[in-house]
Amino acid sequence: MADTGMKPTDGTPFRLVRDTGTLAEGAAKLAGEIRAAPIEEVLAQANRKAVRKGAPEAFGSMPKPSVWYAFDQGDQETADWYPQGLTCGADSGTIPVSVFVATWYYRPEAGERGIRVTFLSPSTLKYRHALLVEAAPDGSYKPIDIHAGGVACYGDLLYVADTTRGLRVFDLNNVLDLTSAQAGVGDGERVGRHGGRLHAFGYRYVIPQTDFWRVAVKGARFSFVGLDRSTTPHTLISGEYAEDHREGRVVRWNLELDGEPADAFVMGHEKIQGAISRDGRWYLSQSAGSGANGRLLVYENGKLAPRPFPIGPEDLTARGGKVWSLAEFRRKRVVFGVNL
């Protein structure tokens with residue numbers, strides 16, 4: 001497929017409408033009986049440890065970057081959970097500690113366990129998973145069955161991609177610690193309220209959804225999420241994964257969100273898994289399946305400069321002069337950074 005560049009297009013199909021419904025009420029009810037933990041406490045209580053420069057197979061034929069972190073053996077080997085989205089404390093602007101935040105979806109068709117987020121400290125390498133849930137006004141809650149292909153953090157809010165519906169919103173002030181509940185953490189096979197106890201498939205922390213920005217007209221897809229802090233105002237980014245030689249679109253909204261797209265582009269490439277922009281330059285993460293290196297497509301002034309990328313690259317974020325991504329396939333699950 002010929003490189004066609006970033007061509008402006010109509011952003012109307014990506015117009016969003018706010019649909020909070022009872023989400024905030026349900027989250028508040030749950031938060032009223034479970035203590036919230038700040039991110040620094042979650043990291044201090046982390047129960048897993050990443051491996052610096054582990055799982056080098058993720059980089060295939062490309063030169064290895066100067067820095068990367070591999071998830072532990074259990075998360076490398078599982079065929080049930082796949083990492084997708086990536087954001088960081090630098091995107092937030094308010095999180096007081098250095099942290100990466102990744103989303104994972106549960107792959108088996110039977111026994112749905114929803115989506116989770118990982119809080120990873122690049123300084124200590126410790127990390128912990130938390131379950132994302134949807135709460136009802138009575139304080140009951142359930143897992144969320146979506147792909148969670150991308151995530152961005154701005155202030156205290158996490159924006160998570162819901163492929164056909166839009167953007168789900170979670171408040172990081174509501175990272176709820178089930179050990180503070182009267183009956184403590186429930187068993188690993190249940191979720192929600194059962195027999196007077198709270199369960200979350202064994203996870204210590206749950207984060208209830210507080211808001212929803214839904215697509216106004218069906219048809220647009222939300223495959224990944226990113227952020228650009230170099231624009232005024234700052235902008236939220238989302239776009240479409242497309243294959244079979246189809247070209248996905250990418251769109252930006254001004255923050256604070258009002259639902260109206262600021263601009264939109266046809267990306268000119270298939271299999272785009274993530275996108276961010278910085279100072280007028282676009283970065284696109286392109287995958288090539290489980291056995292071949294992807295590419296980082298960099299556009300500046302209409303010109304393409306492709307770079308090698310790992311096997312299975314996903315969502316993008318920026319931190320410390322680097323563009324960061326993560327790789328999704330078994331035994332190749334790493335969070336890695338390359339120069340902007």
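**Packing, pairing and charge contacts in the predicted model**

At 7% relative accessibility, Asp 211 counts as buried, where buried means under 20% relative accessible area, exposed over 50% and partly exposed in between (1.4 Å probe, protein chains only). The structure is a predicted model, in which local features need pLDDT of at least 70 and side-chain atom pairs count only at pLDDT 80 or more, whereas totals for chains, interfaces and linings use all residues. Residues are numbered from 1 along each chain as its sequence is written, and side-chain values use heavy atoms, with hydrogens and water left out.

Asp 211 forms a salt bridge with Arg 18, the closest N and O atoms being 2.6 Å apart; a salt bridge is a side-chain nitrogen of Lys or Arg within 4 Å of a carboxyl oxygen of Asp or Glu. Because Asp 211 lies in strand β17 and Arg 18 in strand β2 (residues 16-18), the pair ties together parts that are 193 residues apart in sequence. Helices (H or I, at least four residues) and strands (E, at least two) are DSSP runs, numbered from the N terminus. Arg 18 is exposed, with a relative accessible area of 57%.

Strand β17 also holds Arg 214, whose side chain meets that of Asp 19 in a salt bridge (2.5 Å, N to O). Asp 19 belongs to the loop between β2 and α1, and the two residues are 195 residues apart. Both are partly exposed, Arg 214 with a relative accessible area of 30% and Asp 19 with 32%.

A further salt bridge joins the side chains of Glu 77 and Arg 330 (3.4 Å, N to O). Glu 77 lies in helix α3 (residues 73-77) and Arg 330 in the loop between β27 and β28 (334-339), so this pair ties together parts that are 253 residues apart in sequence. The structure holds 20 salt bridges; a network of them links Asp 91, Asp 228, Arg 252, Asp 263 and Arg 278.

Helix α1 (residues 23-31) has Leu 23, Gly 26, Ala 27 and Leu 30 as its buried residues. These cover an arc of only 100° around the axis, which puts them on the same side of α1; the arc is that of the directions from the helix axis to the C-beta atoms. The buried residues of α1 pack against β9 (126-135), β10 (141-143), β14 (176-177), β15 (191-194) and β17 (205-215), contact meaning heavy atoms within 4.5 Å.

The largest nonpolar core has 32 residues, and those with the most contacts inside it are Tyr 69, Phe 100, Leu 131, Tyr 141, Val 206 and Val 335. Such a core is a set of buried Ala, Val, Leu, Ile, Met, Phe, Trp, Tyr and Cys residues joined through side-chain atoms within 4.5 Å. A second, separate core of 26 residues includes Ala 37, Leu 43, Leu 158 and Leu 172. Not counting residues up to four places away in sequence, Val 206 touches several residues, among them Leu 30, Leu 131 and Ala 200.

Four strands form an open antiparallel sheet in the order β22-β23-β24-β25, where two strands pair if DSSP finds at least two bridges between them. β22 (272-278) and β25 (303-311) stand at the edges, each with a single partner strand, so one side of each is left without a neighbour in the sheet. β22 and strand β23 (residues 281-286) pair in the antiparallel sense over six bridges, and Ala 275 stands opposite Leu 284 in β23.
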